[in-house]
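Hi,

Here is the structure I promised to pass on. Have a look at it first, and then read my notes below.

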Amino acid sequence: MKILAIDSSGLVASVAIIEDDNMLAEYTVNYKKTHSQTLLPMLDEIGKMIDLDLQTIDAIAVAAGPGSFTGLRIGSATAKGLGLALNKPLVSIPTVDGLAFNLYGTDKLICPLMDARRNQVYTGIYEFEGKEFKVVEKQMAVSVQEIVEKLNKYGREVIFLGDGVPVYAEKIAEMITVSYSYAPAHVNKQRGAAVGTLARAYIEAGMLESAEEHQPDYLRLSQAERERAQQEEAAKEND
């Protein structure tokens with residue numbers, strides 16, 4: 001089984017090719033360029049390096065959200081376009097799950113933190129029981145205080161990762177009562193290889209969708225939608 005994986009949900013852009021238990025290629029960039037400039041050139045580059053025939057791809061896995069609204073739209077549009085052109089199914093991977101899967105095999109709780117702005121993070125709580133990846137609390141948009149309070153109640157050591165760590169490290173240190181650490185650089189951001197590897201379990205469970213069906217999961221309203229809702233609410237109050 002050969003899977004093309006895409007993650008452009010955050011600051012990082014990452015593309016990978018996974019074949020069975022092998023990562024054939026991965027191209028990950030964490031730099032100040034828009035994902036619309038990077039994703040397809042990255043795929044083209046690794047395709048040339050491994051002599052990839054895109055028709056040999058069995059499925060396209062994409063980090064489907066939450067995350068950057070622009071990044072998610074770019075990733076989903078890329079996956080949908082490729083899926084339609086190649087007539088291949090898509091696999092929607094929850095962004096926070098894919099990020100947590102980086103820490104395969106740890107005996108500690110895993111808590112990804114993606115900066116969602118407005119004093120919130122996209123987060124969740126995960127663990128591994130042997131080789132089994134388990135969602136303890138599914139991805140959510142909450143304040144750092146709320147997720148730390150949840151972790152304190154579990155009373156277990158936790159590993160944090162994600163672009164929200166440097167933003168909220170001081171707040172975490174002030175509030176947390178359990179032992180904790182931060183994931184090292186090579187596994188602390190989104191990786192296409194993690195999305196592609198996790199996608200295998202989804203495919204085996206029959207959790208595929210067509211390119212036409214795929215939609216990003218934003219998890220909360222965009223700023224424009226929030227502002228429109230506020231304006232509509234204000235207009236009702238003034239009636």
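Predicted model: local features only at pLDDT ≥ 70, side-chain atom pairs only at ≥ 80, totals over all residues.

Numbering starts from 1 along each chain as its sequence is written, and side-chain values use heavy atoms, without hydrogens and water.

The largest pocket holds about 600 Å³ of space. (A pocket is an open set of points on a 1 Å grid over the protein atoms alone, where a 1.4 Å probe fits, with protein on both sides within 12 Å along at least five of seven lines; lining residues have an atom within 4 Å of a point. The volume is the space filled by probe spheres set on the points, which are joined across faces, edges and corners.) It is lined by 26 residues, and G10, L11, S68, D115 and R117 are the closest to its centre. Domain 1 (2-94 + 191-222) and domain 2 (97-182) both contribute to that lining, so the pocket lies between them; the domain bounds come from an automatic or database assignment. Helix 2 gives the most, 4 residues (helices are DSSP runs of H or I, at least four residues, and strands are runs of E, at least two, numbered from the N terminus).

The second largest pocket has about 470 Å³, and helix 6 supplies the largest share of its lining, 8 residues.

Finally, 5 strands make an open sheet with mixed pairing, ordered 8-7-6-9-10; two strands pair if DSSP finds at least two bridges between them.

Cheers
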